[in-house]
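This report goes from the whole chain down to single residues. The model comes first.

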Amino acid sequence: MITRREAALRLDISVEMARKHGIAGKISEAELDELNDNPPPWLAQSRANRTGKKAVWVRLRCDVCGFEESVRPKKWWPEFTYLTCDHHSIGDIPLPAEGLKRSELDGIGSRFIAIIDA
């Protein structure tokens with residue numbers, strides 16, 4: 001059995017959409033395969049409307065330890081130079097290039113800090 005969140009991730013839809021359209025809190029792999037192979041009208045329409053401009057899910061990966069997490073992207077996220085878990089030291093990543101200023105942004109995913117060199 002997989003969770004609704006995992007099903008939403010695999011179907012490339014939001015958890016809210018999965019809930020709205022009756023995807024149970026836990027479903028079997030067979031049920032998920034059936035949704036993928038024979039999408040109901042709402043899922044087919046969602047896929048047809050996708051322009052590719054904004055991802056439904058993004059995979060975040062720590063540049064220090066490799067920890068990964070799939071999350072819904074936020075409009076306010078800037079372009080990251082590095083992404084680290086919140087428990088790593090700033091010294092664990094390379095120094096900014098000459099002439100660039102470094103800033104940090106907390107609150108990315110469940111545990112990440114974005115490092116932005118601009």
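## Model and terms

A contact means heavy atoms within 4.5 Å. By that rule, among contacts in the chain between residues at least 6 apart in sequence, 46% join residues at least 24 apart.

This is a predicted model, in which local features need pLDDT of at least 70, side-chain atom pairs count only at pLDDT 80 or more, and totals for chains, interfaces and linings use all residues. Residues are numbered from 1 along each chain as its sequence is written, and side-chain values use heavy atoms, with hydrogens and water left out.

## Fold and dimensions

The chain has four helices and seven strands. Helices (H or I, at least four residues) and strands (E, at least two) are DSSP runs, numbered from the N terminus. Along the sequence they follow the pattern β-α-α-β-α-α-β-β-β-β-β.

The radius of gyration is 18 Å, whereas a compact globule of 118 residues would have one near 13 Å. That radius is taken over C-alpha atoms, and the globule rule is 2.2 Å times the number of residues to the power 0.38. Along the principal axes, the C-alpha atoms fill a box of roughly 55 × 30 × 20 Å.

## Surface and charge

Of the 118 residues, 31% count as buried. Buried means under 20% relative accessible area, exposed over 50%, and partly exposed in between (1.4 Å probe, protein chains only). The accessible surface comes to about 7500 Å², and 51% of it belongs to carbon and sulfur atoms. Areas come from the Shrake-Rupley method with a 1.4 Å probe; for residues, only the protein chains shown count as cover.

The chain carries 18 positive and 18 negative side chains. Lys and Arg count as positive, Asp and Glu as negative; His and the chain ends are not counted. The centres of the two sets lie 7 Å apart. Each charge is placed at NZ of Lys, CZ of Arg, CG of Asp or CD of Glu.

## Aromatic pairs

A search of the whole structure finds three aromatic pairs. Rings of Phe, Tyr and Trp (its six-membered ring) pair if their centres lie within 6.5 Å; planes under 30 degrees apart count as stacked, over 60 as edge-to-face and the rest as tilted. Phe67 and Phe112 have ring centres 5.9 Å apart and planes at 35 degrees, so this pair is tilted. Phe67 is partly exposed at 29% relative accessibility. Phe112 is buried at 2%.

Trp76 and Trp77 form an edge-to-face pair, because their planes stand at 90 degrees, with ring centres 6.3 Å apart. Trp77 is buried, with a relative accessible area of 16%. Ring pairs link Trp76, Trp77 and Phe80 into a cluster.

## Single residues

Which loop holds Asp12? Asp12 lies between α1 (4–11) and α2 (15–20). Asp12 is not a glycine, yet has a positive phi of about 60 degrees. Its relative accessible area is 28%, so Asp12 is partly exposed.

Leu9 belongs to helix α1 and is partly exposed at 23% relative accessibility. Leu9 touches Trp57 and Ser70, not counting residues up to four places away in sequence. The C-alpha atoms of Leu9 and Val56 are 8.4 Å apart, across 47 residues of sequence.

Ile116 is in strand β7 and is buried, at 15% relative accessible area. Beyond neighbours within four places in sequence, Ile116 contacts Pro78, Glu79, Thr81, Lys101, Arg102, Ser103 and Leu105.
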